[in-house]
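Here's a quick tour for anyone who likes to check geometry by hand. Have a look at the model first, and then we'll go through it piece by piece.

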Amino acid sequence: MTSIDTVEALLENNEALQAAKTFLFQLADDDYITSFRGSEWLGLAPHIEEDVAFSSITQNTMGHAVLVYQTLEALGEAEADKLAHARPAGERLSSVYLEKPNGPGTYLDEPHYDWALAVIRLYLYETWKKIRLQTAARGSIRPVAAAAEKILMEQPYHLAHWKMWAVQLLDSTPEAKERLEERIAEAWREAGDMISFGGHGQTFLENGVTADSEEALQLRWLEEVRSVLPAPAELPLKEAGDGRRKEHGSDLDQALKTCSEVFTSDREAVW
Amino acid sequence: MYNFIEHVNGSEPEAVEDEAKYAQFMERIENGEKIEADDWMPEEYRQTLIKLISMHGISEIMGALPEKEWVPKAPTLYRKLGIMAKVQDEMGHGQLLLRVAEDLMAPYGRSREDLMMDLLSGDLKFHNVFHMETRTWADAGVIGWLVDGAAIISQTNMLDASYGPYQRALQRICAEEVFHAQHGEAIVMALAEGTPEQKAMLQEAVDRWWPSLLMFFGPGSAETTGSSKQEVTTKYKIRKSSNEELRQAFLDKYLPRVFSLGLTIPDDTLRYDEEKEQWEYEQPDWNEFKQIIKNNGPRSAERLRLRELAYENNRWVRRALSNEPVVQA
Ligand SMILES: [Fe+2]
Ligand SMILES: [Fe+2]
């Protein structure tokens with residue numbers, strides 16, 4: 001496969017361009033919603049040190065979403081701010097598992113958030129994120145690979161953070177272990193869309209957006225997370241929907257309404 | 001940020017304390033030496049520092065909560081990143097300061113856990129501004145610009161504080177506060193130069209925050225309350241200026257900027273007295289202030305409830321961590 005070294009070259013290859021954009025939208029939309037869910041946690045983490053660390057990760061994750069939305073802007077999509085704030089839920093490619101609320105209540109009112117969900121979800125997500133960034137970095141589309149490389153410079157710290165939490169809690173009290181196991185079981189019912197390319201895996205591979213097949217990446221993910229978590233040997237299901245195919249529940253609508261509240265109050269204004 | 005000083009009048013050191021040690025201690029302070037955590041210090045000094053620093057630390061943490069309300073709602077990606085960075089800094093300030101307070105409390109066998117319990121029980125107060133509601137995006141701007149601006153005034157006044165660990169923490173905190181004020185000012189500037197609705201939103205926020213900003217520095221100086229005793233924090237060279245001096249410095253710095261943006265202040269009596277070289281202003285309602293810091297402010301209950309929920313919902317995590325076997329990193 002010939003490599004595509006510049007944005008200009010990519011813009012001239014429509015099939016590769018569409019594949020690249022789909023991959024980038026999946027990535028950016030995942031990071032955007034993950035960062036939102038993370039920001040809801042501020043001040044509610046198990047201790048102050050964790051609040052500081054978690055909010056740093058959340059901020060970096062938003063930085064990654066920004067970088068990828070900007071890459072999409074350079075590829076002819078709307079400006080990054082509009083991609084983040086003005087796209088309705090029905091156009092988003094984020095995983096429904098990542099959209100799931102942190103627990104009962106809202107971040108403003110009676111947030112009964114569950115740290116076990118945070119730890120399991122973020123560990124599973126960051127592992128997948130690493131794998132998909134690595135394959136894109138080894139892919140043959142330079143503008144996509146460059147964004148992936150940049151994110152990979154800080155992403156390993158995020159993964160290490162959540163892995164440490166998962167390992168520590170699994171190795172502590174029976175109560176903690178039980179809570180984590182419940183969230184693992186839940187993830188295996190719902191996180192199937194997170195580790196999928198939504199039917200675009202073959203196109204990604206053929207156009208060099210990724211260097212590996214979707215199946216190989218999923219197996220790599222499964223192997224890695226099972227080395228840390230007591231998890232089933234099969235891939236997770238998609239019982240809560242499939243965000244990669246734009247099937248979202250009301251959780252995303254609610255989240256987007258909050259994230260875009262001020263932006264949509266006056267779309268022409270300079271904020 | 002965030003520590004108005006309640007008036008505590010100086011008292012004689014306890015008789016049981018070694019007079020010679022006390023004299024030597026005061027000499028070190030007079031010479032501008034820094035006191036360290038393990039050094040001998042009079043009880044009054046330790047108590048004053050614990051009260052000051054734990055309130056400062058917990059206020060940083062509670063201070064992240066009003067802005068947190070606007071983190072997801074920030075209207076552009078750039079603003080989202082900016083406000084995320086800011087609230088993270090505030091949490092970091094809280095962490096830094098609570099560690100300083102913990103070292104001071106160690107001789108009493110008291111810890112972070114006790115501070116959190118004191119917060120929830122109302123024994124440990126947090127700063128008046130963080131009991132207030134936020135209503136619009138303009139609040140995010142006004143908090144960053146003027147509340148952090150006020151914090152810079154009060155904290156830079158203690159940059160040479162006699163207690164080394166606090167003084168060093170403040171060096172770092174003040175450096176970051178400058179970015180917070182710039183972040184807030186940028187939000188405010190965009191609104192001030194924006195649509196009529198944006199301008200109105202900004203003016204409404206300034207009007208609403210004005211009394212809280214006056215209250216920020218605490219009630220007027222000992223002079224106005226008719227007392228001539230020296231304040232403890234000044235005696236021990238923890239800070240230099242009185243509440244009123246700090247408030248005047250704040251007004252000196254920010255009122256010209258407020259006016260130059262075309263904003264007004266909701267006080268008809270506000271004027272600069274050239275002779276006295278100070279601002280004349282209508283006193284905020286100090287009874288209301290007392291109510292606010294007693295956790296009877298507009299959002300006191302809701303903000304404390306968040307910390308209470310964090311405490312309750314993470315109980316199992318704390319149990320797990322304390323039970324944690326030693327594992328190699
Ligand atoms: Fe601060
Ligand atoms: Fe600040």
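## The iron pair

Which residue bridges the iron ion (ligand 2) and the iron ion (ligand 1)? That's B:Glu90, and the two ions it bridges lie 3.3 Å apart. B:Glu90 sits in helix 3 (residues 77-105) of chain B, while B:Asp148 belongs to helix 5 (residues 137-156) of chain B, so this pair, 58 residues apart, links distant parts of the chain. (Helices here are DSSP runs of H or I with at least four residues, numbered from the N terminus.) B:Glu90 is buried, at a relative accessible area of 0%, and B:Asp148 is buried with 0% as well; buried means under 20% relative accessible area, exposed over 50% and partly exposed in between, using a 1.4 Å probe and protein chains only.

Donors are N, O and S atoms within 2.8 Å of the metal (3.2 Å for Na, K and Ca), and with water not among the atoms, sites may look incomplete.

## Ground rules

This is a predicted model, where local features need pLDDT of at least 70 and side-chain atom pairs pLDDT 80 or more, while totals for chains, interfaces and linings use all residues. Residues are numbered from 1 along each chain as written, chains are lettered from A and ligands numbered from 1 in written order, and side-chain values use heavy atoms, with hydrogens and water left out.

## Salt bridges

Over all chains, the count is 45 salt bridges, each being a side-chain nitrogen of Lys or Arg within 4 Å of a carboxyl oxygen of Asp or Glu. In helix 9 (residues 243-260) of chain B, B:Arg247 and B:Glu244 are three residues apart, about one turn of the helix, and their side chains pair up at 2.8 Å, N to O. B:Arg247 is buried at 1%, and B:Glu244 is buried at 16%.

A:Lys238 and A:Asp242 make another salt bridge, at 3.7 Å between the closest N and O atoms; A:Lys238 is partly exposed at 40%, whereas A:Asp242 is buried at 6%. For B:Lys276 and B:Glu280 the closest N and O atoms are 3.5 Å apart, with B:Lys276 exposed at 53% and B:Glu280 partly exposed at 23%. There's also a network of salt bridges linking A:Lys100, A:Asp114, A:Arg183, A:Glu186 and A:Glu190.

## Where the chains meet

Contact (heavy atoms within 4.5 Å) involves 56 residues of chain A and 49 residues of chain B. The buried area is about 4500 Å², with 64% from carbon and sulfur atoms; that's the accessible area (1.4 Å probe) two parts lose on being put together, summed over both. On the chain A side, A:Leu42, A:Ile48 and A:Trp271 lose the most area to chain B, together 17% of what that side buries.

Five salt bridges cross the interface of chain A and chain B. A:Glu110 and B:Arg305 form a salt bridge too, at 2.7 Å from N to O.

Key:
Helices (H or I, at least four residues) and strands (E, at least two) are DSSP runs, numbered from the N terminus.
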